[in-house]
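The sequence and structure come first, and the notes follow by topic.

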Amino acid sequence: MKSPVHRCRDVEHSRGQSGAGTNYLQADQRIPISKDVITSSSASAMWFIKDACGIMCAVITWLLVFYAEFVVLFVMLLPSKNLTYSIVNGTLFNTLTFLALASHLRAMCTDPGAVPKGNATKEYIESLQLKPGQVVYKCPKCCSIKPDRAHHCSVCKRCIRKMDHHCPWVNNCVGENNQKYFVLFTMYIALISLHVLFMVVFHFLNCFEDDWTKCSSFSPPATVILLILLCFEGLLFLIFTSVMFGTQVHSICTDETGIERLKGETGKWGKMPCWEAMQLAFGGPFSLSWCSPFTGVTCKRTPTEHVEVPLGEIIEEDVIEIPLE
Ligand SMILES: [Zn+2]
Ligand SMILES: [Zn+2]
């Protein structure tokens, strides 16, 4: 027996076949169903995208962070004669690094808001109890009923609610459920980079004063090469992550995802005020927990009706409209 998804591929899509003689709304009058009606069935399951390129990029990210950790500790802080300087900067740097890596893990292993696969069945659509004039769209690739503002990701092979983009550096889509962790990841990496640049400049100035003799346990040429590489890494990451951080905060504030901006799909939904959208994305009223990758996004409006995915034949149409009475 073929799986529902398999069967879906064999179906000839018969768009607009069923409308003869019935009263339907014009395309711009259609009322899309709310994204809250359709919930993810895998919210609690472990989420990990098996994409070779993404896994490689994620590993490179961690290796670059470890390189910075190595140079900061063994070239700059441990050989330093100023103990207070080493302790203060070491604590700050390691705390930020820990938070950045934790945010990275949460962004990578959190379901970004995937729509259950293969739920485009007649039984499921009936269970939604749609009103006349409402319309549902089926994703022909993953055979799911697409909620409003969901997009299909070809890497994750799923439809993702409020998908912003697929980021290979966190090997995951950035969507409704993990945007907070992605924003925190970019913020902490930008802060680490800035901190590293300050420390490198300070270390160089110190070394010039000491004539390079006592400034590192490595030879002067090795020290210079390690520091210059770290400087490049810091500059590159500072630019990249601060631009990304700004873009993400702007996306949240304007209630508009990167994909929607690209496709020009803006203004099709009632936009949330900036502060309300920020609270929804970060999980509640402003508090320290906004900066913590360990607190979940809890203030999400819990869907009133959680519908289990009923097994059944996948429907053929890509657009299903409930006729007006
Ligand atoms: Zn899809
Ligand atoms: Zn994706």
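**Helix packing and annotated spans**

Helix α2 (residues 52-77) and helix α3 (residues 83-109) pack with their axes 11 Å apart, at an angle of about 175 degrees. Angles over 145 degrees count as roughly antiparallel, and α2 is therefore roughly antiparallel to α3. The model is predicted, and the points below set out this pair, two further pairs and the annotated regions.

**α2 with α3**

- On the α2 side, the contact is made by Ala58, Thr61, Trp62, Val65, Glu69, Val72 and Leu77.
- α3 contributes Ser86, Asn89, Gly90, Phe93, Thr97, Ala100, Leu101, His104 and Met108.
- Sorted by class, the residues of the α2 contact with α3 are nine nonpolar, six polar and one charged.

**α2 with α5**

- The axes of α2 and α5 come within 12 Å of each other and cross at roughly 30 degrees.
- Angles under 35 degrees count as roughly parallel, so α2 and α5 are roughly parallel to each other.
- The crossing of α2 past α5 is left-handed.
- Ala68, Val72 and Met76 of α2 meet Ile192, Val196, Met199 and His203 of α5.
- This contact of α2 with α5 comprises six nonpolar residues, one polar residue and no charged ones.
- Val72 is listed in the contact of α2 with α3 and also in that of α2 with α5.

**α5 with α6**

- Helix α5 (residues 179-209) packs against helix α6 (residues 220-253) with the axes 8 Å apart and an angle of about 150 degrees.
- α5 and α6 cross in a left-handed sense.
- The contact of α5 with α6 has 20 nonpolar and eight polar residues, and no charged residues.

- α5 has 31 residues and reaches 46 Å from its first C-alpha to its last, close to the 45 Å expected at 1.5 Å a residue.

**Annotated regions**

- An unreviewed UniProt entry lists residues 52-77, 83-102, 181-204 and 224-245 under "transmembrane region".
- In the model, residues 52-77 are 100% helix and 0% strand, with the end C-alpha atoms 36 Å apart.
- Residues 224-245 are likewise 100% helix and 0% strand, and the end C-alpha atoms of this span lie 31 Å apart.

Technical notes
Residues are numbered from 1 along each chain as its sequence is written. Chains are lettered from A and ligands numbered from 1 in the order in which they are written. This is a predicted model: local features need pLDDT of at least 70, side-chain atom pairs count only at pLDDT 80 or more; totals for chains, interfaces and linings use all residues. UniProt positions are given in the numbering used here, feature names are shortened, and annotations may be inferred rather than shown by experiment. Helices (H or I, at least four residues) and strands (E, at least two) are DSSP runs, numbered from the N terminus. Axes are lines fitted to C-alpha atoms, for helices over the stretch in contact, and angles run from 0 to 180 degrees between N-to-C directions. A crossing is left-handed if the near helix is turned anticlockwise from the far one by less than a right angle, and right-handed if clockwise. Ala, Val, Leu, Ile, Met, Phe, Trp, Tyr, Cys and Pro count as nonpolar, Asp, Glu, Lys and Arg as charged, and the others, Gly among them, as polar. The expected span of a helix is 1.5 Å times one less than its number of residues. Angles under 35 degrees count as roughly parallel, over 145 as roughly antiparallel, 65 to 115 as roughly perpendicular and the rest as oblique. Two residues are in contact if their C-beta atoms, placed from the backbone, lie within 7 Å.
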